[in-house]
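Please keep the structure in view while reading.

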Amino acid sequence: MSTGETFNPIQPLDTAAVWELLGELPFGRLAVQAADMVDIFPVNYVAKDRKLYFRTAQGTKLASLVVNNHVAFEVDRVVGDHVQSVVVHGRARRLETQAEREVAEQLPLKPWAPTYKYHFVVIDVDSATGREFTMTTEPDHDPV
């Protein structure tokens with residue numbers, strides 16, 4: 001590091017690392033907005049071909065996607081004091097065609113909760129970014 005540069009403890013993940021993390025983690029959080037309310041839902045999902053798939057029942061989550069299909073999706077992995085986090089922005093849609101549903105039914109996507117989740121949803125990803133850092137104490141002072 002040259003004189004005058006400051007160390008940034010938060011480092012970006014490259015695209016390959018972002019999709020590797022999305023492919024490894026089975027659980028994330030889906031953020032939706034309908035009317036004036038933003039809501040967040042825990043979901044188990046599968047990443048395939050740069051898209052995210054999940055199942056849902058009829059209800060708030062599915063209704064929100066009809067009103068506004070723009071969503072955010074987030075996953076984190078914490079191992080010891082090392083943290084990796086990915087945020088996805090995209091458009092969610094219920095799979096409507098028989099061909100789409102048949103492909104989704106072949107994915108290892110089973111409900112975790114003992115409820116019926118008949119609707120398959122895909123997030124068509126517009127952007128996926130990530131970062132990583134090591135947890136530590138806050139610096140003694142702001143260098144600025």
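**Salt bridges, strands and a helix**

Arg-91 has a relative accessible area of 32% and is therefore partly exposed. The model in which this value was computed is a predicted one. The side chain of Arg-91 meets that of Asp-126 in a salt bridge, with 2.8 Å from N to O. This pair links distant parts of the chain, since Asp-126 belongs to strand β8 and Arg-91 to strand β7, 35 residues apart.

A second salt bridge, at 3.0 Å from N to O, is formed by the side chains of Asp-124 and Arg-93. Asp-124 is in strand β8 and Arg-93 in strand β7, so this pair ties together parts of the chain that are 31 residues apart in sequence. Salt bridges with shared partners join Asp-124 and Arg-93 to Lys-51 and Glu-100 in one network. Asp-124 counts as buried because its relative accessibility is 12%, with buried meaning under 20%. Arg-93, by contrast, has a relative accessible area of 30% and is partly exposed.

The structure holds nine salt bridges. One of them joins the side chains of Glu-74 and Arg-29, at 2.6 Å from N to O. Glu-74 is part of strand β6 and Arg-29 of strand β2, so the contact ties together parts that are 45 residues apart in sequence. Glu-74 counts as buried at 19% relative accessibility, whereas Arg-29, at 24%, counts as partly exposed. The two residues are also bridge partners in the pairing of strands: the partner of Arg-29 in β6 is Glu-74. Strands β2 and β6 run antiparallel and are joined by three bridges.

How do the side chains of strand β2 (residues 27–34) alternate? Gly-28, Leu-30, Val-32 and Ala-34 point to one face and are buried.

With a relative accessibility of 15%, Asn-44 counts as buried. Its side chain reaches the backbone oxygen of Lys-110 at 2.8 Å. Leaving aside residues up to four places away in sequence, Asn-44 touches Pro-26, Phe-27, Tyr-53, Phe-54, Leu-109, Lys-110 and Trp-112.

The remaining element to consider is helix α1. In this helix (residues 15–24), the buried residues are Val-18, Trp-19, Leu-21 and Leu-22. Seen down the axis of α1, these residues fall within an arc of 155 degrees, so they line one face of the helix. An α-helix has 3.6 residues a turn, so residues three or four places apart point the same way. On the other side of α1, Ala-16 and Gly-23 are exposed. The buried residues of α1 pack against strands β1 (11–13), β4 (46–48), β5 (51–56), β6 (70–79), β7 (82–94) and β8 (119–134).

Conventions:
Residues are numbered from 1 along each chain as its sequence is written. This is a predicted model: local features need pLDDT of at least 70, side-chain atom pairs count only at pLDDT 80 or more; totals for chains, interfaces and linings use all residues. Side-chain values use heavy atoms; hydrogens and water are left out. Buried means under 20% relative accessible area, exposed over 50%, partly exposed in between (1.4 Å probe, protein chains only). Helices (H or I, at least four residues) and strands (E, at least two) are DSSP runs, numbered from the N terminus. The arc is that of the directions from the helix axis to the C-beta atoms. Contact means heavy atoms within 4.5 Å. Two strands pair if DSSP finds at least two bridges between them. A polar contact is a pair of N or O atoms within 3.5 Å; within protein, one must be able to donate a hydrogen and the other to accept it, and residues adjacent in sequence count only if both atoms are side-chain atoms. A salt bridge is a side-chain nitrogen of Lys or Arg within 4 Å of a carboxyl oxygen of Asp or Glu.
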